[in-house]
Amino acid sequence: MATKVKPQAAKASKKNLTRVIEVDELSRVEGEGALYVRVQDGIVKECKFRIVEPPRFFEAFLQGRSYLEVPDITARICGICPMAYLMGSQHAMEDALSVKIPQDIHDLRRLMYCGEWIESHVLHAAMLHAPDFLGLDDVLQLAATNKDVVANALRMKKLGNDLLEVIGGGRAIHPVNTRVGGFYKLPEADDLRALIPELKWGIEASLAIGKLFATFHFPDFEYDYTCVSMAHPEVYAIMEGGIKTNRGQSFPVSDYHKVFKEVHIQHSSALTGRTVDGNQPYLTGPLARYNNNYDFLTDLSKKAAKAMGLDKTCYNPFKSILVRMVETVYCCEEAIRLIEAYKKPKAPFVPSSPAAATGYGASEAPRGVCYHSYKLDSDGRVLNAVISSPTAQNQPQIERDLEGVIARNLDKNDRDLTLLCEQAIRNYDPCISCSAHFLRLTMVRD
């Protein structure tokens with residue numbers, strides 16, 4: 001971690017003191033990001049969570065590709081949550097081509113998605129985020145002081161990976177067995193049932209880790225978030241349903257960019273999300289899902305939340321580490337339910353035919369809503385692609401959080417304030433690489 005703390009005007013009175021905190025490279029996040037904060041006379045004048053990776057141009061080089069190729073390409077946007085991009089793009093193509101997925105294929109996809117949530121949540125909570133609360137530099141120091149927590153977290157991460165491998169064609173990263181319409185090959189029931197004992201252990205382990213994390217000291221900060229998540233009338237939404245907010249809005253995925261927009265800001269290589277009405281930041285991710293969909297958690301998951309000290313809603317972003325562990329309990333339980341009900345479908349996929357159409361899709365990445373839309377020509381080739389990652393959408397809200405956290409903690413010295421700011425960013429488990437793939441080019445030639 002390359003951290004520069006630059007107190008300026010040191011000889012001035014405290015009233016006129018300008019403090020600059022600059023972190024050139026954030027640690028314990030996916031990708032390359034930075035932070036710049038300037039406080040003058042006790043007021044935050046500048047606060048920039050800087051996404052500094054070069055754009056990756058995914059939407060641009062999807063143009064001209066067959067709709068059948070798109071999911072495997074978009075999965076490469078992220079190695080931590082490839083399912084979010086696989087499912088979102090597959091849903092969009094199936095929406096465009098009016099492909100109806102049977103419930104058994106849908107359930108198998110949901111089971112696979114549970115594996116991604118388990119491995120991603122545990123990776124972040126136990127190995128990337130927990131050290132912040134303990135004053136440690138990294139998970140290696142945590143392992144030296146609490147070996148069992150790290151060992152159990154690694155075992156749980158393997159459990160999530162095992163689910164992905166069994167269904168995803170032997171690969172936990174960038175699974176190759178999914179396709180538009182379903183799967184290339186269906187897993188055997190015995191291979192899935194073999195995971196049930198470990199999933200039962202996973203319920204107890206994730207509850208124990210969550211209860212341990214609940215003993216952390218959480219900074220006193222809350223924000224009245226506009227929470228944005230998927231929603232379904234019957235289940236805790238992971239990869240199905242429409243969109244809802246805690247402000248009373250509900251709408252189909254196809255209207256996503258009628259309610260939220262993406263805008264360029266100078267210090268980011270990603271488009272950033274804001275509301276169309278009011279130009280305000282919004283929150284997507286674990287806290288938003290939990291606040292919007294608490295009633296659809298299982299009784300066991302609700303008991304886990306209570307055991308971790310959570311109410312039915314949570315507006316302290318630092319407690320997102322607890323919500324992730326509640327969702328991990330839920331996913332282990334949900335995976336057992338889906339495996340026990342699994343019967344090998346009659347066919348691995350529903351066939352489709354190319355057509356000129358536009359489709360929309362979304363799913364809940366561990367970090368929040370991942371939105372896709374694609375316009376196809378009559379041969380089923382992509383004319384236009386739009387992908388909105390959770391981290392890009394959350395960037396303005398991260399900056400708003402930073403302003404609030406800094407305002408409450410100006411009495412801290414520069415080093416402690418810097419570490420707290422980094423922790424506030426890590427609350428979001430930002431996947432910076434995922435966000436840096438937008439391109440809009442205007443070229444003027446004389």
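**Close-up 1. Packing of helix α4 against helix α12 in the predicted model.** In this predicted model, helix α4 (residues 103-134) and helix α12 (residues 320-341) pack at an angle of about 155°, and their axes lie 8 Å apart. Because angles over 145 degrees count as roughly antiparallel, α4 and α12 are assigned to that class. The crossing in which α4 passes α12 is left-handed, and the residues of this contact divide into 16 nonpolar, 5 polar and 5 charged.

**Close-up 2. Helix α12 and its crossing with helix α10.** The 22 residues of α12 should span 32 Å at 1.5 Å a residue, and the end C-alpha atoms of α12 are 31 Å apart, which agrees with that expectation. Helix α12 is mostly covered, since 18 of its 22 residues are buried. Helix α10 (residues 286-293) packs with α12 at an angle of about 65°, the two axes being 9 Å apart, and α10 passes α12 in a left-handed crossing. On the α10 side the contact is made by Pro 286, Leu 287, Arg 289 and Tyr 290, while α12 contributes Ser 320, Val 323, Arg 324, Val 326 and Glu 327. Sorted by class, the residues in the contact of α10 with α12 are 5 nonpolar, 1 polar and 3 charged.

**Close-up 3. Helix α8 and the helices around its buried residues.** Helix α8 (residues 196-213) has 18 residues and reaches 25 Å from its first C-alpha to its last, close to the 26 Å expected at 1.5 Å a residue. Its buried residues are Ile 196, Leu 199, Gly 202, Ile 203, Ala 205, Ser 206, Ile 209, Gly 210 and Phe 213. These buried residues of α8 pack against α4 and α12, and also against α6 (147-167), α7 (189-193) and α11 (299-307).

**Close-up 4. Glu 30 in the loop between β2 and β3.** Glu 30 is found in the loop between β2 (18-25) and β3 (33-40), and is partly exposed, with a relative accessible area of 33%. Although Glu 30 and Ile 80 are 50 residues apart along the chain, their C-alpha atoms are separated by 8.6 Å.

Methods:
Residues are numbered from 1 along each chain as its sequence is written. This is a predicted model: local features need pLDDT of at least 70, side-chain atom pairs count only at pLDDT 80 or more; totals for chains, interfaces and linings use all residues. Side-chain values use heavy atoms; hydrogens and water are left out. Helices (H or I, at least four residues) and strands (E, at least two) are DSSP runs, numbered from the N terminus. Buried means under 20% relative accessible area, exposed over 50%, partly exposed in between (1.4 Å probe, protein chains only). Axes are lines fitted to C-alpha atoms, for helices over the stretch in contact, and angles run from 0 to 180 degrees between N-to-C directions. Angles under 35 degrees count as roughly parallel, over 145 as roughly antiparallel, 65 to 115 as roughly perpendicular and the rest as oblique. A crossing is left-handed if the near helix is turned anticlockwise from the far one by less than a right angle, and right-handed if clockwise. Ala, Val, Leu, Ile, Met, Phe, Trp, Tyr, Cys and Pro count as nonpolar, Asp, Glu, Lys and Arg as charged, and the others, Gly among them, as polar. The expected span of a helix is 1.5 Å times one less than its number of residues. Contact means heavy atoms within 4.5 Å.
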